[in-house]
Amino acid sequence: MQHQAPFELYSIYYDLIYAAKDYEAETRYVQNLIQEIQPGVTTILELGCGTGNYAKEFCNNGFTVTGLEKSEAMLQEAGKKNIHGFSSFRGDIKDFRLQGQFDAAVSLFHVMNYLTETADIIAGLKNIAAHLQPGGLFVFDAWYTPAVYAQKAESRLKEVEDEQYRVVRHAEPVMNEERNTVDVVYEIVITEKATGRHHALRETHTMRHFSTPEIELFAGLSGMKLIRSEEFLTANTPSVATWGVCYLLQKI
Ligand SMILES: C[S@@+](CC[C@H](N)C(=O)[O-])C[C@H]1O[C@@H](n2cnc3c(N)ncnc32)[C@H](O)[C@@H]1O
C-alpha cells in the first residue's frame, strides 16, 4: 500500500468519489450569501480550489475565479477541465502572495480545517484579508466543534464506480481532544474494471474543527470581523447537530 501526502494520489479519484456532491446548488448558496451583501462582486479568490468544481460553477455564473491550491496533483485535475474565466496557482493559504486584490474570497468543503495550528490559521486569515478589497467578504465552511464532540467522528465506508474504476474508501477517524483535531485515515482500494488489477493507497488528513468564538477571535486578530454564521446550505442556527458551519467574514 502506498502512503501519500493528502490529495497526491487521491486527486485522480477525487471527482469520482464526490460525483454525487451538488456543487451547482452549493455554489448558488454561497453566491447568494455574497450577493445579498455585495451585489457588485465579480472577482473571486478561491482558496483550496482542488479539482476546480466550485470554480467551474462560479465561472458559469459569470464570475472570474483565481484558485490557489496546495496539491499539484489536484491542480492538474483542475487544469484538464479548461474552465473559462479560471486561473490557478500552486500555494499555501498561510503564505501565498498573488498580484492584486479580489472582491470576495471563498474556501469550500472544509479546506480551512486543514490549517491545524492556530498560528497558521491566523497567518492564513491575515493573508486572505490582504488579498481582499476593503469591505471584501470571505466565506468558508468548516467542521463545528460542538457537533464533533456531540456526534463523534465515525468510521465510514464509501463505494463508487464509473465505467473504468471501482473505488472503495474506508475512513477511520482518530480524535485528538487536546488539539481540537481529528486524524482521518483514508484507505482506498481502486480496482481497474478491465483488468481486475487492484491498487491500494493510504492518506491521513488531519482536520482541526472550530467553535464560533474561536473564529470571532481569529477574525479579529486578522483584520476581519465575523458577520454571520449558519448551517451550510440550510441557513439554520448552528447546533450540536450541525457538522458543517458556514462563516462569513468581512475585511475591516
Ligand atoms: C476537501 S478538498 C476540497 C477541494 C475543493 N474545494 C472542492 O470542494 O472540491 C481540500 C482541498 O484543500 C487543499 N488544501 C488543504 N490545505 C491547504 C492549504 N494550506 N493551502 C492551499 N490548499 C490547501 C487540499 O489540497 C485539497 O485540494
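Which residues come nearest to the ligand?

Analyst: The model is predicted, and every value below is computed from it. There are 20 residues around the ligand, and those that come nearest are Tyr-23, Gly-48, Glu-69, Asp-92 and Leu-108.

Three of these residues can be described through particular atoms. The side chain of Tyr-23 has an N or O atom 2.8 Å from an oxygen atom of the ligand. In the side chain of Asp-92, an N or O atom is 2.9 Å from a nitrogen atom of the ligand. With Leu-108 it is the backbone that takes part: one of its N or O atoms lies 2.9 Å from a nitrogen atom of the ligand. A polar contact requires N or O atoms within 3.5 Å, and the distances of 2.8 Å for Tyr-23, 2.9 Å for Asp-92 and 2.9 Å for Leu-108 may be read against that limit. Taken alone, the ligand would expose 590 Å², of which the protein buries 97%. The shell around the ligand is made up of 12 nonpolar, 4 polar and 4 charged residues.

Val-30 and Phe-58 have the most contacts inside the largest nonpolar core, a set of 47 residues.

Phe-58 in turn directs attention to helix H3. Phe-58 is one of the buried residues of H3, together with Asn-53, Tyr-54, Ala-55, Glu-57 and Cys-59. Because 6 of the 8 residues of H3 are buried, this helix is largely enclosed by the rest of the structure. The cover over those buried residues includes the helices H1 (11–17) and H2 (23–37), as well as the strands S2 (43–47), S3, S4 (86–90) and S5 (102–107).

After H3 comes Gly-62, which has a positive phi, near 100°. Gly-62 belongs to the loop between H3 (53–60) and strand S3 (64–69). Gly-62 counts as exposed because its relative accessibility is 59%, and the cut-off for that class is over 50%. Gly-62 and Gly-85 are 23 residues apart in sequence, while their C-alpha atoms are 8.2 Å apart in space.

Technical notes:
Residues numbered from 1 in each chain as written. Predicted model: local features only at pLDDT ≥ 70, side-chain atom pairs only at ≥ 80, totals over all residues. Heavy atoms only, no water. Near = heavy atom within 4 Å. Polar contact = N/O pair within 3.5 Å; in protein donor to acceptor, adjacent residues only side chain to side chain. Areas by Shrake-Rupley, 256 points an atom, 1.4 Å probe, with all protein chains shown as cover. Nonpolar A, V, L, I, M, F, W, Y, C, P; charged D, E, K, R; others polar. Helix = DSSP H or I, 4+ residues; strand = E, 2+ residues; numbered from the N terminus. Buried < 20%, exposed > 50% of the residue type's maximum accessible area, 1.4 Å probe, protein only. Core = buried A, V, L, I, M, F, W, Y, C linked by side-chain atoms within 4.5 Å. Contact = heavy atoms within 4.5 Å.
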